Structures are given as structure tokens and as C-alpha cells.
Amino acid sequence: MGTVLYITAHPFDDAQSHAMAAGKEFLQAYRTVHPLEEVIHLDLFKMDIPHLDADVFNGWEKLKTGTAFEELSVNEKKKVGRINELVDQFVAADKYVFVSPIWNYSYPPILKAYIDCICIVGKTFKYLPDVGRIGLLSDKKAIHIQASGSIMSPGSQSPAESWEMGHRHLNVIMEFMGISNFSGIFIEGMAEYPDQALQIKEKALHRTREVAREF
């Protein structure tokens, strides 16, 4: 039995969000095919996601120089300990489903904060002499469900494609951690083509169900 992290970075539910509606469809279809797999929902907007700040960097530096974890300051222990929990949970999972909207051509900042917590040397990547950085999660797979008012997905050849930084950056992060099995589902163009919004959504949901069965 495998474990799937269903990671959502949206303040609204499926009734108010195209991305979350597609995510819900994905989970329903996925659970039909994989009823025994554990799905853990990480609602980033409702979680304690530390930002990399002075406490975190000072705590890491103290640990690197031999200071015991128990000797860190209260804030250092709280934040560094929480980051350890998040990255260990990520590494322990088998598959990842990211759900997010496009905000100003990228994803919500809470998702970036979460990414910062899971890109940890020795956990998801490491450095080797004469080789450089290598990702440690090559046996994992991930998918990104992204909604945007304009069309900007990879290969769309739209004017906004080159501005898109959400899925593009997540793709870089997955490669950074060694996850080459990564793809995207895009619900896009509803604001650009409001008269076609319903058809766009239904088409995307249909594709979502198909992809989920093979994930």
C-alpha cells in the first residue's frame, strides 16, 4: 500500500476554485482505482509552514557545528523541528499531487514556503564530489493541477506562456529532487474566454479523471 500526499495551496474549496474542483475529481477517480492507498491531505493554508528566517538559519548553523537540538533557542527548535517533520513526511510518501491557482503568474506564496521546507540537503538531494548535486527521490512521481484565467500552459504557444512561473518552477523543483515522473493538468482560459468557461472546465475535469486512473 502506497501513500499519496495531496498538497493544496488554495484558500477556497472546490465550490469556489476550479483548481480545487479538479483536485477533487482527481482524488475520486484515483481512489476508485487505488482503494487501498493512503491519501494524506495537506491544506497548506491551514498548516504551520515555517518560513526560512534567521531562527531557521541560525538553528541549522548551530546543529552543523555540533550544538545539540535541545540546546537551540525555543524558536529555533520549533521551526527547525517543524521543517524536519514536513520533509520527513514528504520523503516517506510515494506520490504527490499539487493543486494550486496562478496568482500573478506564479503560485501562492504558501506553496513556496512549503517547497523551502522540503528542499533539504541529505533528505531530498545531496552533493557528491566530482558529480555535484543529485536528487534523492527518483523513485517518486508527482502531478500538478493548476488553474488560471488565461491560457499559459507549456506548449500552448499563447502570449502568456513565457510568463508562467508556477508549473515551470515546480517542474524545476521536482527535477532538483530527482522526480522526473512529473506532469501537469491545466484548467485555463476561463477569464479570457468567459463564454466558454463551462466547456473548458468540463473538458479539464474529464482529462483529470483519465489521468488520475493512470497515476
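Guide: Buried means under 20% relative accessible area, exposed over 50%, and partly exposed in between, with a 1.4 Å probe and protein chains only. This is a predicted model, in which local features need pLDDT of at least 70 and side-chain atom pairs count only at pLDDT 80 or more, while totals for chains, interfaces and linings use all residues. Residues are numbered from 1 along each chain as its sequence is written, and side-chain values use heavy atoms, with hydrogens and water left out.

Rings of Phe, Tyr and Trp (its six-membered ring) pair if their centres lie within 6.5 Å; planes under 30 degrees apart count as stacked, over 60 as edge-to-face and the rest as tilted. By this rule the model has 10 aromatic pairs. One of them joins F26 and F215 in an edge-to-face arrangement, with 5.6 Å centre to centre and 70° between the planes. This pair links distant parts of the chain: F26 lies in helix 1 (residues 18-33), whereas F215 lies in the segment after helix 6 (197-214), 189 residues apart. Helices (H or I, at least four residues) and strands (E, at least two) are DSSP runs, numbered from the N terminus. F26 and F215 are both buried. Together with Y30, F26 and F215 form one aromatic cluster.

Another aromatic pair is formed by F90 and Y96, which are stacked, with 3.9 Å centre to centre and 5° between the planes. Both F90 and Y96 are buried.

Strand 3 (residues 95-101) contains V99. V99 is buried, with a relative accessible area of 1%. Contact means heavy atoms within 4.5 Å. Residues up to four places away in sequence aside, V99 touches Y6, I7, T8, A9, A19, M20, G23 and I145. The C-alpha atoms of V99 and D43 are separated by 9.8 Å, and these residues are 56 apart along the chain.

The wider setting is as follows. The protein chain has six helices and seven strands, in the order β-α-β-α-α-β-α-β-β-β-α-β-α from the N terminus on. Its radius of gyration is 19 Å, close to the 17 Å that the globule rule gives for 215 residues, so the chain is as compact as a globular protein of that length. That radius is taken over C-alpha atoms, and the globule rule is 2.2 Å times the number of residues to the power 0.38. The C-alpha trace spans about 60 × 40 × 40 Å along its principal axes. Of the 215 residues, 45% count as buried. Among contacts with a separation of 6 or more, 73% come from residues 24 or more positions apart.

Finally, the cysteines. A disulfide is a pair of cysteine sulfur atoms within 2.5 Å, and by this rule the count is zero. The sulfur of C117 is 9.6 Å from the closest cysteine sulfur, in C119, which is too far for a bond. C117 is buried, with a relative accessible area of 0%.
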